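Please keep the sequence and the coordinates at hand while reading.

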Amino acid sequence: MEYLHTMIRVTDLKATVGFFELMGFVETRRMDNEKGRYTLVFLAAPGDVEQARKDQAPLVELTYNWDPEAYTGGRNFGHLAYRVDDIYATCAKLKAAGVTINRPPRDGHMAFIRTPDNISIELIQKGGSLSPAEPWASMANTGVW
């Protein structure tokens with residue numbers, strides 16, 4: 001397993017990017033999603049810039065939703081993300097141990113689980129997506145992630 005990023009939601013993207021830049025963080029990529037109405041900004045700590053540009057990790061992901069939203073109950077903290085060698089095997093192991101797979105890896109690429117304290121964890125398939133496979137391909141979401 002490999003650490004990827006921590007995502008936080010922000011209400012003032014310019015101010016938050018400026019805050020991280022003040023600490024020496026470097027923007028490695030930015031994505032605007034018109035359909036989803038959000039912007040993602042990925043930042044690397046000064047000592048991680050070269051690795052982050054190569055591996056897209058380790059990073060802080062800033063998520064700016066274009067439509068205003070009041071963040072309560074920790075909603076501004078998004079999730080931890082880890083790259084795994086085999087998303088199906090990882091999810092099967094976790095499920096067998098009683099972990100709820102909140103967002104199954106239907107696409108062979110991404111899944112979400114939660115810690116006992118309800119912190120979201122995103123699991124990402126290393127390399128390209130695996131071919132869709134059961135039981136995951138037809139499994140519905142459970143709860144929130």
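Does Lys126 count as buried, exposed or partly exposed? In this predicted model, Lys126 has a relative accessibility of 45% and therefore counts as partly exposed, as the value lies between the 20% and 50% cut-offs. Lys126 is also one partner in a salt bridge with Asp85, and the structure holds 6 salt bridges.

**Confidence**
- The protein chain has an average pLDDT of 93, and 99% of the residues score at least 70.
- Among the elements of the chain, the highest mean pLDDT, 98, belongs to strand β2 (residues 26-33), whereas strand β5 (residues 77-84) has the lowest, 88.

**A salt bridge between distant parts of the chain**
- Asp85 and Lys126 form a salt bridge in which the closest N and O atoms are 3.8 Å apart.
- This pair joins distant parts of the chain, with Asp85 in the loop between β5 and α3 (87-96) and Lys126 in the segment after β7 (120-125), 41 residues apart.
- Asp85 has a relative accessible area of 59%, and is therefore exposed, because this value is over 50%.

**Two further salt bridges**
- Glu27 pairs with Arg30 in a salt bridge whose closest N and O atoms are 2.9 Å apart.
- Glu27 is partly exposed at 26% relative accessibility, and Arg30 is likewise partly exposed, with a relative accessible area of 42%.
- Lys54 and Asp55 form a salt bridge through their side chains, at 3.5 Å from N to O.
- Within this pair, Lys54 counts as exposed at 66% relative accessibility, while Asp55, at 24%, counts as partly exposed.

Key:
Residues are numbered from 1 along each chain as its sequence is written. This is a predicted model: local features need pLDDT of at least 70, side-chain atom pairs count only at pLDDT 80 or more; totals for chains, interfaces and linings use all residues. Side-chain values use heavy atoms; hydrogens and water are left out. pLDDT is the predictor's confidence in each residue, from 0 to 100. Helices (H or I, at least four residues) and strands (E, at least two) are DSSP runs, numbered from the N terminus. A salt bridge is a side-chain nitrogen of Lys or Arg within 4 Å of a carboxyl oxygen of Asp or Glu. Buried means under 20% relative accessible area, exposed over 50%, partly exposed in between (1.4 Å probe, protein chains only).
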